[in-house]
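Here's a quick briefing on the model you have open. Take a look at the chain and its ligand first, then read on.

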Amino acid sequence: MDRQTIVITGASDGIGAEAARALARLGHEVVVVGRNREKTAAVARELNARHYLVDFAELDEVRSLAALLLERHPRIDVLANNAGGIFTPARQVTDDGFEMTFQVNYLAPFLLTHLLLDRLTSCRGAVINTSSLANRLYGRIDLSDLNAEGHYDPTRAYGNAKLAQILFTRELHRRQGGQGLATAAFHPGIVGTGFSRAPGSSMEGVYGNRLISKLLATPRKGADTLIWLASTARDGTWPSGEYFTRRRAARANPQAKDRRLAEALWNRSEDMLRIP
Ligand SMILES: NC(=O)c1ccc[n+]([C@@H]2O[C@H](COP(=O)([O-])OP(=O)(O)OC[C@H]3O[C@@H](n4cnc5c(N)ncnc54)[C@H](OP(=O)(O)O)[C@@H]3O)[C@@H](O)[C@H]2O)c1
């Protein structure tokens, strides 16, 4: 097996931590990226892996993370943009000026991918985005209100951010697929993790409910499609640019097929991030 360098964000807990464990067991070099210092260091220690801290609510931290990764890792074969979550019922705005759900789930991973793109393409690598079924259930992107200033609903903001990730996955494939970069987005299932359990989170009632939580998939099961996508990225096992559930290409929100929207979202994202 080809040993690959796999960078996983949100690897301090839940789906990301389980994927990191499994991919390290398969012999890959896993780079553990998390936000919480203790949790991130603990996963890295367990895997004898390098680790980095970043808060996606601060875009300068994303820029610093990318610089460190480029300096210390001559190869980056896979970038798994897995960090994310759903937030409080009240709209929050980051210091960068963007709605929190949009920035943490979509804009920060877009920036990180952009900054690592040359390294990823030179490795004929892959970008894998942890999306969600919420893209289909709640997503309806309005390019004129990406920051949800007109109307904010936390579930819709989450659905929109996860739909934006799929549009990004498709557009990145369209732009870079010819250079050998593979891209994928996936829904991990409804998984019993710390996801959305924070007090005040808009889905606390589902994920924090004792009875319901017994029905949720384990983090290991939730990580399965990510492990499969990352470990087979080089084999041409899966079609690039697609959205997957349970290792299969799946139907996403109808807007996900809108090529003009994907291109316009890409351009708007570059403008927001002042990417020339
Ligand atoms: N659980 C589900 O049912 C479900 C369903 C669909 C999609 N997803 C998606 O799956 C991904 C992983 O979630 P999970 O279920 O494994 O939940 P989790 O156990 O809560 O893990 C979330 C991870 O994201 C990191 N994170 C959260 N906010 C961050 C921020 N501002 N900056 C940097 N890192 C941040 C967390 O870091 P720290 O712990 O270090 O703070 C943690 O490592 C997320 O993108 C989520 O949207 C989950």
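This is a predicted model: local features need pLDDT of at least 70, side-chain atom pairs count only at pLDDT 80 or more; totals for chains, interfaces and linings use all residues.

A residue counts as buried here if 20 or more other C-beta atoms lie within 10 Å of its own, with C-beta atoms placed from the backbone.

**The chain as a whole**
- You'll find eleven helices and eight strands in the chain.
- The radius of gyration is 17 Å, close to the 19 Å from the globule rule for 276 residues, so the chain is as compact as a globular protein of that length.
- The C-alpha trace spans about 50 × 45 × 35 Å along its principal axes.
- Buried residues account for 50% of the 276 residues.
- Take the contacts between residues at least 6 apart in sequence: 72% of them join residues at least 24 apart.

**The sheet**
- Eight strands make up an open sheet with mixed pairing, and the order runs β3-β2-β1-β4-β5-β6-β7-β8.
- The edges belong to β3 (51-53) and β8 (248-249); each has a single partner strand, so one side of each has no neighbour in the sheet.
- At the β8 end, strand β7 (residues 242-245) runs antiparallel to β8 and is joined to it by two bridges. Thr245 sits opposite Arg248 of β8.
- Strand β4 (residues 78-81) pairs with β5 in the parallel sense, over four bridges. In that pairing, Asn81 stands opposite Asn129 of β5.

**A closer look at β5**
- In a regular strand, side chains alternate between the two faces of the sheet.
- Both faces of β5 are covered: Ala126, Ile128 and Thr130 are buried on one side, and Val127 and Asn129 are buried on the other.

**A helix across the sheet**
- Helix α2 lies across β2 (29-34) and β3, and runs at about 170 degrees to β2.

**Around the ligand**
- There are 29 residues around the ligand, and the ones that come nearest are Gly10, Gly14, Asn36, Gly84 and Phe195.
- By residue class, the shell splits into ten nonpolar, 15 polar and four charged residues.
- Two helices, α1 (14-25) and α2 (37-47), each supply at least two residues of the shell.
- Which helix gives the most to the shell? That's α1, with three residues.

Technical notes
Residues are numbered from 1 along each chain as its sequence is written. A residue is near a molecule or strand if its C-beta atom, placed from the backbone, lies within 6 Å of it. Ala, Val, Leu, Ile, Met, Phe, Trp, Tyr, Cys and Pro count as nonpolar, Asp, Glu, Lys and Arg as charged, and the others, Gly among them, as polar. The radius of gyration is taken over C-alpha atoms; the globule rule is 2.2 Å times the number of residues to the power 0.38. A residue is buried if 20 or more other C-beta atoms lie within 10 Å of its own, exposed if 12 or fewer, and partly exposed in between; C-beta atoms are placed from the backbone. Two residues are in contact if their C-beta atoms, placed from the backbone, lie within 7 Å. Two strands pair if DSSP finds at least two bridges between them. Axes are lines fitted to C-alpha atoms, for helices over the stretch in contact, and angles run from 0 to 180 degrees between N-to-C directions.
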